[in-house]
Amino acid sequence: MDSQMLVALGLSLVGGLSTSLGALFVVLSETPNMKMLGLLQGFAAGLMLSISFLDLAHNAINSIGFLKANLWFFGGVIFFACIAKFIPEPTVGPSTDSKRRKKNGDDGGKDMMKKKRKQVMFSGIITAIGISLHNFPEGMAVFLGSIKGMRVGVNLALAIALHNIPEGVAVALPIYFATESKWQAFKLATLSGLAEPLGVIIVAYLFPRSLSPEILEGLLGAVGGIMAFLTLHEMLPLAFDYAGQKQAVKAVFFGMACMSASLYFLELSLPETMSL
């Protein structure tokens, strides 16, 4: 492994492990109540939608054209919609929660809380997967930036590090709520960030020889479709149930605004010949 590769790996680790910093904000605080959990789920949904539509799908359209990008995007949607049929998940609503408690007392309430924790856990895993897939091309960008020069690589790694902190919060929060384990929340958030150095390794050894840029952009567009489906199918209903529709929608747009600003400042740190 040459020195350039080691530098790129080190820089990508700085960016990737900043998700751990976001997770620390969660694990050092008290377990959130249901309304706060719903608001933060809405915020995480906003992050995911912004990544999906304003980053991955947008870049695919610019790179391979509107028609091809949309075919890849909706191919991802259909692909995961088919998979979702085979994923067991509890469906929970506030009205059924109150009815169950009245009928069965405390036991019914405990059963419903278990189902809620399972649903939140599922949402947290979805967020971790989506953010891992998003971090993957960021690692590739760090590698390409470090090839252009140390200044570009360092600036890009620092920008990505700031950009990844709220992503760590979005992953750790539902896992902490569902498992009541600070270690599990911290661990999963950290693992989602490690997709970034993995992107460095793969782009250095595999992509230049085996995968065309058009196919790569198409695959990232499909990832955007998968993330959009998962967010609308899983995360938004959860946010609506726990925080109420109006408050959850506000949280979604706040999350979108934060991620859009983060993507903008990240783009400013890239040289003109590069883009995420």
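This is a dialogue on a predicted model and the terms used to describe it.

Tutor: The model is predicted: local features need pLDDT of at least 70, side-chain atom pairs count only at pLDDT 80 or more, and totals for chains, interfaces and linings use all residues. Residues are numbered from 1 along each chain as its sequence is written, and side-chain values use heavy atoms, with hydrogens and water left out.

Student: What makes up the secondary structure of the protein?

Tutor: Eleven helices and zero strands. Helices (H or I, at least four residues) and strands (E, at least two) are DSSP runs, numbered from the N terminus.

Student: How much of the protein is made up of buried residues?

Tutor: Buried residues make up 51% of the 276 residues. Buried means under 20% relative accessible area, exposed over 50%, and partly exposed in between (1.4 Å probe, protein chains only).

Student: Why is helix α2 called mostly covered?

Tutor: Helix α2 spans residues 18-27, and seven of its ten residues are buried. Among them are Ser-18, Ser-20, Gly-22 and Val-26.

Student: Why is Thr-190 called buried?

Tutor: Its relative accessible area is 15%. The limit for buried is under 20%, so Thr-190 qualifies. Thr-190 lies in helix α7, residues 182-193.

Student: What joins the side chains of Thr-190 and Ser-20?

Tutor: A polar contact of 2.7 Å. The term needs a pair of N or O atoms within 3.5 Å; within protein, one must be able to donate a hydrogen and the other to accept it, and residues adjacent in sequence count only if both atoms are side-chain atoms.

Student: Which residues is Thr-190 in contact with, leaving aside neighbours within four places in sequence?

Tutor: Leu-17, Thr-19 and Ser-20. Contact means heavy atoms within 4.5 Å.

Student: Why is the pair of Phe-53 and Phe-73 called tilted?

Tutor: The structure holds four aromatic pairs. In this one, the ring centres are 5.6 Å apart and the planes stand at 40°. Rings of Phe, Tyr and Trp (its six-membered ring) pair if their centres lie within 6.5 Å; planes under 30 degrees apart count as stacked, over 60 as edge-to-face and the rest as tilted. The 40° angle is in neither outer class, so the pair is tilted.

Student: Which parts does the pair tie together?

Tutor: Phe-53 lies in helix α3 (residues 34-64) and Phe-73 in helix α4 (residues 66-84), so the pair ties together parts 20 residues apart in sequence. Ring pairs also link Phe-53, Phe-73 and Phe-74 into a cluster.

Student: Are Phe-53 and Phe-73 buried or partly exposed?

Tutor: Phe-53 has a relative accessible area of 40%, so it is partly exposed. Phe-73 has 8% relative accessibility, so Phe-73 counts as buried.

Student: How far apart are the C-alpha atoms of Ser-63 and Gly-218?

Tutor: They are separated by 8.8 Å, with the residues 155 apart along the chain.

Student: What classes of residue form the lining of the second largest cavity?

Tutor: Seven nonpolar, one polar and no charged. Ala, Val, Leu, Ile, Met, Phe, Trp, Tyr, Cys and Pro count as nonpolar, Asp, Glu, Lys and Arg as charged, and the others, Gly among them, as polar. The lining includes Gln-41, Phe-43 and Pro-174. A cavity is a set of points on a 1 Å grid over the protein atoms alone where a 1.4 Å probe fits but cannot get out; lining residues have an atom within 4 Å of a point.

Definitions and conventions. 1 Å grid on protein atoms, 1.4 Å probe; cavity = no way out; pocket = protein on both sides within 12 Å on 5 of 7 lines; lining within 4 Å.
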